[in-house]
Amino acid sequence: MAASAWSVPRLIKNNLTKNLRSNGFQLSPNDLLSKFPQASMLTVKKSSTSRFFMYEEHAAVKIQDDQVARTFSASPIEFASLLNKSPNSTDPNHYYWTSPISDAAPSLLEETFGWYKQLHEPSDMSLLDPRGPSLWMGTSGSGTQCHYDVANNVILQLYGSKRIRCFHPSLGVSHLHVFPDAHPRARKSQADFDAATSTTPSRLQQFPHFENLPPPTLDVTLRPGDALEIPAFWFHHVENGKLPNSDDGDDKRSVSLNSFVVSQPMMIAQQIFQQASQPLRGSCRIEQVPPTLKELGISLLRGLDVGGKSGQVDFIRRSLLEARYLPLENLPSRVRKGTSPPLPVALTEDQLTAIEDCISRILPHFEDLLMVHGSMDERNGIVLLVALHVLELWAVELVGAPFVSQAWKEALQHASSEKC
């Protein structure tokens, strides 16, 4: 199967979208929810503390996450009523729901959305997500936090408005402070976009790279009949309805449809993760973790031409520790208070050979990523995002998800001591 390669986010202008817009197309939440099986129950998210929702990853090993939106069950009629709440309502909550249409209301796929494949190029037909498209419904002002998907994504607005800001993959390396891979909110930015102009010392200390975030490559507001292509690994920040402190957007609930397409970067990244996993095949003592991570990380980044050794150490410190782990407070330590971590023990020749073999296996796949369609900056950004995935993968396998930050700090200390 040859996966699809897209370049940059762009509005789709084909016969389908032209016809939808010219005919005044829209599908309200009431229209759609009335066609759902009325005995069904929808899993709805609600939050009074944040208007941005994040959907969890399902990794086997996770960092604990105590800041999640409340989830509850509602019938289609009950959810329609919540979406229809007045702007003057005393209810402080935002509400959001998404699901593949095939799970929530299978009959809608043919009766209402039988044309959705016309959003895609003929070459993408065999690569469409087998689950089919999903529906997204939210109250005005709600949204999804800035994140990236590993598949190519098409979004069609059905009702209301939706603002989408698209950011280059390279900005996820440091600027956007992405959650660690082992966190339930992996692939999402930790930064609060509503507080983007805040320069308080605590905020700058927590998100040191976010204040220098460049403007989005594309900033667009979708209305019914508008459709947008977002390539894999491009970050997008989504806001429904009327925007705070702005006249932009429609002050009513928002409904959209999205459809995923398998991407070339996703398939190549999967090969990298498979080849990179368990480089020492489990033969690593706890005292050998710092030199193992140091050797793996420096060797990988050297192979990717990321600076000299000091530049490679700085990349790990900035893009892994500062960007991903610094904003997360109170991570547990694997060293008891009052004690020091065990002194590093040198690697054996067999272990060093195993590390060399691992790097030799995965570097050709990184070279394949550089051949994917798109600008060199875009491809380099995807390469570095995947490299950060691999750095985290190695640490998770060696010490467990909660201790990745500490393990890499010890690895960098070991690298610094070798230079002295």
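**Asking how we know**

User: I see that Gln-351 sits in helix 10, residues 349-369. What makes Gln-351 count as buried?

Analyst: Keep in mind that this is a predicted model. Buried means under 20% relative accessible area, and Gln-351 has a relative accessible area of 7%. The value of 7% falls under that cut-off, so Gln-351 is called buried.

User: Which residues is Gln-351 in contact with, leaving aside its neighbours within four places in sequence?

Analyst: Leu-280, Ser-283, Cys-284 and Gln-288. Each one has heavy atoms within 4.5 Å of Gln-351, and therefore it counts as a contact.

User: And what does the side chain of Gln-351 reach?

Analyst: The backbone nitrogen of Thr-348, at 2.9 Å. For a polar contact the N or O atoms must be within 3.5 Å, and 2.9 Å meets that distance limit.

User: Now Gln-278. Is Gln-278 buried, partly exposed or exposed, and how do you know?

Analyst: Its relative accessibility is 33%. Buried would need under 20% and exposed would need over 50%, so Gln-278 lands in between and counts as partly exposed. You'll find Gln-278 in the loop between helix 7 (264-276) and helix 8 (289-303). Its phi is near 50°, a positive value in a residue other than glycine.

User: Where is Phe-233, and why is Phe-233 called buried or exposed?

Analyst: Phe-233 lies in the loop between strand 11 (227-230) and strand 12 (235-240). With a relative accessible area of 2%, Phe-233 is under the 20% cut-off, so the word is buried. Phe-233 also has a positive phi, near 75°, and is not a glycine.

User: Let's go back to helix 8. How do you know whether its span agrees with its 15 residues?

Analyst: You compare two values. At 1.5 Å a residue, the 15 residues should span 21 Å. If you wonder why, the expected span is 1.5 Å times one less than the number of residues. The end C-alpha atoms of helix 8 are 21 Å apart, so the two values agree.

User: What makes helix 8 "largely enclosed"?

Analyst: Of its 15 residues, 12 are buried, so the rest of the structure largely encloses helix 8. Among the buried ones are Val-289, Thr-292, Lys-294, Gly-297 and Leu-301. Just after helix 8 comes Asp-305, with a positive phi of about 60°.

User: What about the open sheet of 5 strands: what is its order, and why do two strands stand at its edges?

Analyst: The order is 3-7-12-9-10, and the pairing is mixed. Strand 3 (52-53) and strand 10 (218-222) each have a single partner strand, so one side of each has no neighbour in the sheet.

User: Which strands of that sheet pair in the parallel sense, and which in the antiparallel sense?

Analyst: Here is one example of each sense. Strand 3 and strand 7 (residues 143-147) pair in the parallel sense over 2 bridges. Since at least two are needed, 2 is enough, so they count as paired. Phe-52 has Gly-143 as its bridge partner, and Phe-53 has Thr-144. Strand 7 and strand 12 pair in the antiparallel sense over 3 bridges, with His-147 standing opposite His-236.

User: How many residues of strand 7 are buried?

Analyst: 5 of the 5, so strand 7 is largely enclosed by the rest of the structure.

Notes:
Residues numbered from 1 in each chain as written. Predicted model: local features only at pLDDT ≥ 70, side-chain atom pairs only at ≥ 80, totals over all residues. Heavy atoms only, no water. Helix = DSSP H or I, 4+ residues; strand = E, 2+ residues; numbered from the N terminus. Buried < 20%, exposed > 50% of the residue type's maximum accessible area, 1.4 Å probe, protein only. Polar contact = N/O pair within 3.5 Å; in protein donor to acceptor, adjacent residues only side chain to side chain.
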